[in-house]
Amino acid sequence: MIRNVIFDWSGTLVDDLPAVWRASNHALEQAGVPAMPLEQFRREFRLPARDFYVERVPKEALPDLERWFLDGFRQVQDSVTPLPHARDFLEFCRERNLRTFLLSAVHPALFAHQERASGFVGLLDRTYLGAHDKKDLIHRILEENALDPAQTIFIGDMRHDIETAHHGGVQAVGVLTGYDNLDKLRAAKPHLIVERLSELRRHLEDTGLSLA
């Protein structure tokens, strides 16, 4: 039975793709690199994000890249919106006494604004932010919070999220509301793929809080 839920943020609980795309283009342009069309960005962007940028940005511009990204993101951060069914699913977790955690690459300087704007304040027990590589933090989350991996799921929208779940020995759920498409998620072999969180809620209700 599932007792603990670890969430990704971007593409799982909030829709920040347009904002991240625009902020990334702002950073790329500051580094002298041409902007990318949205579909190209969505097709090629991956986590860890530093690997994506290192391949495209001149080495001498890398130290300034985060600052340029943050400057660009703050200009468009009000476009970030909660995804449909996200709040309902978080409240479902509360009703079922499931512990909730956030493991995200989102910068701590940006998260507070997004959490307030989304209306999710108080619905996550603990947050782990600014994760350049989520695999580096998954075991820490399990150990610090005494989580049984067999009773824990990690929900994310990207292949890296699924790989992180496997790395931590927890069950992986892919959701198709974010960055990676079905083929990318399938390639990572999650335990379950759903179109949206409402589908996952129904599944958990039907199975008594199990992915089986």
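Tutor: Search the whole structure, which is a predicted model, and ten aromatic pairs turn up. Let's zoom in on one of them, made by Phe 7 and Phe 89. To describe a pair of aromatic rings, you give the distance of the centres and the angle of the planes. Here the centres are 5.9 Å apart and the planes make 85 degrees. Planes over 60 degrees apart count as edge-to-face, so that's the label this pair gets. The two partners come from distant parts of the chain, 82 residues apart: Phe 7 sits in strand E1, while Phe 89 belongs to helix H5, residues 86–95.

Now follow Phe 7 into its strand. E1 covers residues 4–7 and runs parallel to strand E6, residues 152–156, with four bridges between the two. Phe 7 takes part here too, with Ile 155 as its bridge partner in E6.

Step back and you'll see the sheet that holds both strands. It is an open sheet of six strands with parallel pairing, and the order is E5-E4-E1-E6-E7-E8. At the edges stand E5 (126–128) and E8 (192–194); each has a single partner strand, so one side of each has no neighbour in the sheet. On average, neighbouring strands are turned by 20 degrees against each other, ignoring direction. Helix H10, residues 197–207, packs on this sheet and touches E6, E7 (171–175) and E8. The direction of H10 makes about 130 degrees with that of E8.

The loop between strand E3 (81–82) and H5 contains His 85. Most residues other than glycine have a negative phi, yet His 85 has a positive one, near 75 degrees. You'll find Pro 48 in the loop between helices H2 (38–44) and H3.

Helices H3 (49–54), H4 (62–76) and H6 (108–118) are the elements that give two or more residues to the lining. H4 has the largest share, with seven residues. Sorted by class, the lining has 19 nonpolar, six polar and seven charged residues.

Methods: Residues numbered from 1 in each chain as written. Predicted model: local features only at pLDDT ≥ 70, side-chain atom pairs only at ≥ 80, totals over all residues. Heavy atoms only, no water. Nonpolar A, V, L, I, M, F, W, Y, C, P; charged D, E, K, R; others polar. Pairing = 2+ DSSP bridges. Axes fitted to C-alpha atoms, helices over the stretch in contact; angles between N-to-C directions. Contact = heavy atoms within 4.5 Å. Phe/Tyr/Trp six-rings, centres within 6.5 Å; stacked < 30°, edge-to-face > 60°.
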